[in-house]
Amino acid sequence: DIRQFAQDLLARADHRFVKWFYTSLQNVSILDPTCGSGAFLFAALNILEPLYEICIDRMQDFNRQNPNLFKEQLAEITSKYRSNIQYFIYKSIILRNLYGVDIMVEATEIAKLRLFLKMVAVVDVDRRAENMGLDPLPDIDFNIRCGNTLVGYVSEEELNRDLADSQGDMMIMMANDDFKARIDEEMLKVKDTFNRFRDIQLNHGDDMASFKQAKHDLNVRLSALREQLNLRLHSATSNEPFDKWLTSHQPFHWLAEYYG
């Protein structure tokens, strides 16, 4: 039982190992490329949850012995989450660790709803508190996405091969180089915008103005990047009208959607 082994190890580890493990845990990416209504993501959630929990328990133990240890990590929980630590754990996992794609938009909506219900189920309701003590639910539209995972550019290498195959005279080569430079720049911008959007949700949940602006910026950047890649892929693979092709193929460009 590898999960129990990890829990036993953490129960005996020193503070340096606990800090390393917790940081690594927050940076794990778990992706289901055909997530459906989220069964695999739920299984991952149930594996990660007790590992987060024992890390937080150990950090609290070390902090009681030495208030300078894990001050920053524990402040994220105590000062920003009114509900309880369990809610924080689920929110952290859902925003930081879980990613899914499905070709059916209904399936992705069900997956998101199930994750929300999992979080709401652990909330301690306080009818006298503002909003009954509920924290804002996370926005996971950019974690759980809709698209055809078999159509689209998977990696930068694949895009480079496509550009190399279409090389011709000097004008085409210059156009391809210009296109690649624009795509590289846009992908980095999308990555930075997504990281800002997620950071606002984790650390500034009550700042709705910043949240709405960050989501708007991310939608605009992603839409522009998708449009450029869709036009390129369509011109390289199909003779049918672009709108018809876009509707029937639902391309999903991995290198853009999950660039980070």
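**Burial, helix packing and cores in a predicted model**

Modeller: L159 lies in helix α7, residues 156-165, where a helix is a DSSP run of H or I with at least four residues, numbered from the N terminus. This is a predicted model, in which local features need pLDDT of at least 70, side-chain atom pairs count only at pLDDT 80 or more, and totals for chains, interfaces and linings use all residues. Residues are numbered from 1 along each chain as its sequence is written, and side-chain values use heavy atoms, leaving out hydrogens and water.

Biologist: Why is L159 called buried?

Modeller: Buried means under 20% relative accessible area, with a 1.4 Å probe and protein chains only; L159 has 0%, so L159 is buried. Not counting residues up to four places away in sequence, L159 touches Y153, F179, K180, I183, L229 and L255, contact meaning heavy atoms within 4.5 Å.

Biologist: What makes α1 and α3 roughly parallel to each other?

Modeller: Angles under 35 degrees count as roughly parallel, and the axes of α1 (residues 2-12) and α3 (residues 39-65), which come within 10 Å, cross at roughly 5 degrees; α1 and α3 are therefore roughly parallel. The axes are lines fitted to C-alpha atoms over the stretch in contact, with angles running from 0 to 180 degrees between N-to-C directions.

Biologist: What is meant by a nonpolar core, and how many residues has the largest one?

Modeller: A nonpolar core is a set of buried Ala, Val, Leu, Ile, Met, Phe, Trp, Tyr and Cys residues joined through side-chain atoms within 4.5 Å. The largest has 39 residues, and those with the most contacts inside it are L98 and L115; its largest share, 12 residues, comes from α3.

Terms used: Helices (H or I, at least four residues) and strands (E, at least two) are DSSP runs, numbered from the N terminus. Buried means under 20% relative accessible area, exposed over 50%, partly exposed in between (1.4 Å probe, protein chains only). Angles under 35 degrees count as roughly parallel, over 145 as roughly antiparallel, 65 to 115 as roughly perpendicular and the rest as oblique.
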